[in-house]
Amino acid sequence: GNRNASVNLPTYMVYSTHPGGPWSDPQLVPGTDVFADSNFAPVIKDDGSLVALSRSGVWTAPDWRDVESYRQVDSWEDRGEDPMVWIDRRGVFHCIVHVNRIETTGLVYYSLDGLTWIPSGGGGHAYEHVVQYTDGSSVAFGCRERPHIVQNREGDIIALTTGSSPVTCHSTEEPVSDYSYTLLQVVGQEKRTAEVPLVMES
């Protein structure tokens with residue numbers, strides 16, 4: 001059915017050592033049974049502990065499998081939405097969010113301890129709503145949301161994906177266009193952008 005943002009949309013976790021299962025029993029992730037959704041975004045450290053961001057909340061846990069150990073320990077200045085958290089090869093935490101629902105841009109935060117989050121000091125955008133292609137063409141997207149970083153085995157960023165829509169998926173003007181697809185942009189290599197036709201919910 002359609003997403004109903006007028007009710008709580010909790011997040012449940014299941015995990016397995018193999019895609020074919022067996023899978024664990026579903027567990028409610030603490031702090032996610034809230035209006036609309038929590039945007040809960042975790043990263044698991046090498047020691048099995050967890051750091052996560054939600055809408056303005058910072059969470060930690062000594063064991064990512066034990067939801068009873070999850071605690072909100074701080075807050076952060078969330079200027080956007082849909083955070084994605086990762087750790088670079090130096091052990092520095094990073095987060096990317098999308099800002100605005102029309103002519104969307106990206107914003108990056110960093111943290112040395114996973115608790116105190118600081119917006120990028122450069123003041124620039126991590127990405128723009130206009131995408132340039134290698135054939136010289138460009139597309140001005142209505143929105144580019146749900147940014148995700150793709151890393152190689154060494155932890156270097158090699159690509160950015162966003163849920164992208166030619167027109168903003170938040171407009172109520174007829175005709176309402178409520179679809180998006182995955183846009184993948186290669187980072188730090190020969191500049192090229194590929195459209196991957198995967199349907200994403202808006």
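Analyst: The protein chain exposes about 11,800 Å², and carbon and sulfur atoms supply 52% of that area. Keep in mind that this is a predicted model.

User: What does the secondary structure of the protein chain come to?

Analyst: There are 16 strands and zero helices. Of the 202 residues in the protein chain, 39% are buried. Take the contacts between residues at least 6 apart in sequence: 36% of them join residues at least 24 apart.

User: How many aromatic pairs does the count come to?

Analyst: Six aromatic pairs.

User: What makes Tyr15 count as partly exposed?

Analyst: Its relative accessibility is 26%. Partly exposed runs between the buried limit of 20% and the exposed limit of 50%. Tyr15 therefore counts as partly exposed.

User: And Trp64, buried or exposed?

Analyst: Trp64 has 15% relative accessibility. Buried means under 20%, so Trp64 counts as buried.

User: How do you know how Phe93 and Trp117 are arranged?

Analyst: By the ring test again. Their centres are 6.4 Å apart, within the 6.5 Å limit. The angle between their planes is 75 degrees, and edge-to-face needs over 60. The pair is edge-to-face.

User: Why does this pair tie together parts of the sequence?

Analyst: Because Phe93 lies in strand β8 (residues 93-99), while Trp117 lies in the loop between β9 (105-111) and β10 (118-119). Those parts are 24 residues apart in sequence. Phe93 and Trp117 are both buried.

User: Which residues do ring pairs link into a cluster?

Analyst: Phe40, Trp59 and Tyr70.

User: Why is Asp37 called buried?

Analyst: Asp37 has a relative accessible area of 16%. The cut-off is under 20%, so Asp37 is buried. Asp37 lies in the loop between β2 and β3 (41-44).

User: What polar contacts does the side chain of Asp37 make?

Analyst: One is with the side chain of Asn39, at 2.8 Å. Another is with the side chain of Arg55, at 2.7 Å. The distance limit for such a contact is 3.5 Å, and both are polar contacts.

User: What makes β9 largely enclosed by the rest of the structure?

Analyst: Five of its seven residues are buried, so β9 is largely enclosed.

User: How do you know that β8 and β9 pair?

Analyst: Pairing needs at least two bridges. Seven bridges join β8 and β9, and the strands run antiparallel. Ile96 has Val108 in β9 as its bridge partner. Five residues lie between the strands of this hairpin, where Asn100 takes a positive phi near 75 degrees.

User: And what makes β9 and β10 a pair?

Analyst: Two bridges, in the antiparallel sense. At least two are needed. Tyr110 stands opposite Ile118 in β10. This hairpin has six residues between the strands, and Gly114 takes a positive phi near 85 degrees.

Technical notes
Residues are numbered from 1 along each chain as its sequence is written. This is a predicted model: local features need pLDDT of at least 70, side-chain atom pairs count only at pLDDT 80 or more; totals for chains, interfaces and linings use all residues. Side-chain values use heavy atoms; hydrogens and water are left out. Helices (H or I, at least four residues) and strands (E, at least two) are DSSP runs, numbered from the N terminus. Buried means under 20% relative accessible area, exposed over 50%, partly exposed in between (1.4 Å probe, protein chains only). Contact means heavy atoms within 4.5 Å. Accessible areas come from the Shrake-Rupley method with a 1.4 Å probe; for residues, only the protein chains shown count as cover. Rings of Phe, Tyr and Trp (its six-membered ring) pair if their centres lie within 6.5 Å; planes under 30 degrees apart count as stacked, over 60 as edge-to-face and the rest as tilted. A polar contact is a pair of N or O atoms within 3.5 Å; within protein, one must be able to donate a hydrogen and the other to accept it, and residues adjacent in sequence count only if both atoms are side-chain atoms.
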